[in-house]
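Here's a quick briefing to read alongside the model. Keep the viewer open as you go.

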Amino acid sequence: MIGMVSRVESAAATRRALLDAAAALLDSGGPGAVTLRAVGARAGVTRGAPYRHFPDKDSLLTAVAAEALDRLADQVRAVRADPRVSPADKLHSGLSALMTVGRRQPHLYRLMFTSPAGDPAAVHAANQAGDRAMGEFLAIVGGVVGAEHTRRFAPLLLTSVHGITDMEVNGHLSADKWQITAEELVTTLVAMIDRQAHSG
């Protein structure tokens, strides 16, 4: 029994090391830098070890994206559960959390919003993580606009924040050009949504 536990723990540790190595390579060089051989070398495991955990590169990248979506869902859930924060501030914080990923890890950010690929188990896990993150986001939007208007405003908010993040990451949102920061744009966006939702 002890040997079995050790093997399970060892396999879990290897998988963790592979995911961490893949995430680091993705951050530094984009998807093209992520190969099973490079990931195995960075993780310090045998050449065949990555293939025992991930059948191909797509499955590995999909697993990395699924973990990122789960982390984002956890962040939004924590904000949503805080009774001291107003609904509008919860929405602002949720959008800011998403933008932070885009700023700090642009390759991962794009991967999170790419249709998952790879083996069925990896795709299923990523879809579940995506659904969970979306559910948390819809909940904080609903807290501001009401459940009946959530599906009307959520896509507007998401597409706007994606655009803001993309412009900032690519250097098209400089303060000297527009005299406004990304944070101020999000504040304006949330205020507009809040007013629109309560104008009727």
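Predicted model: local features only at pLDDT ≥ 70, side-chain atom pairs only at ≥ 80, totals over all residues.

Residues are numbered from 1 along each chain as its sequence is written, and side-chain values use heavy atoms, with hydrogens and water left out.

**Helix α2**

- Leu36, Val39 and Gly40 are buried in α2, which spans residues 36-43; buried means under 20% relative accessible area, exposed over 50% and partly exposed in between, using a 1.4 Å probe and protein chains only.
- Those three sit on the same side of α2, because they cover an arc of only 100° around the axis (the arc is that of the directions from the helix axis to the C-beta atoms).
- As background, an α-helix has 3.6 residues a turn, so residues three or four places apart point the same way.
- Helices here are DSSP runs (H or I, at least four residues), numbered from the N terminus.

**α4 against α5**

- Helix α4 (residues 57-80) packs with helix α5 (residues 87-104) at about 165°, and their axes are 9 Å apart; axes are lines fitted to C-alpha atoms over the stretch in contact, and angles run from 0 to 180 degrees between N-to-C directions.
- The two are therefore roughly antiparallel, a label for angles over 145 degrees.
- From α4, Leu72, Gln75, Val76, Val79 and Arg80 meet Lys90, Ser93, Gly94, Ala97 and Leu98 of α5, where contact means heavy atoms within 4.5 Å.

**α8 against α10**

- Helix α8 (residues 150-169) and helix α10 (residues 182-198) pack at about 170°, with axes 10 Å apart.
- That angle makes α8 roughly antiparallel to α10.
- On the α8 side, the contact residues include Phe153, Leu156, Leu157 and Ile164, and on the α10 side they include Leu185, Val186, Leu189 and Ile193.

**A loop residue to look at**

- Glutamine 179 lies in the loop between α9 (175-178) and α10.
- Phi of glutamine 179 is positive, near 55°, in a residue other than glycine.
- Glutamine 179 is exposed, at a relative accessible area of 60%.

Key. Parallel < 35°, antiparallel > 145°, perpendicular 65-115°, else oblique.
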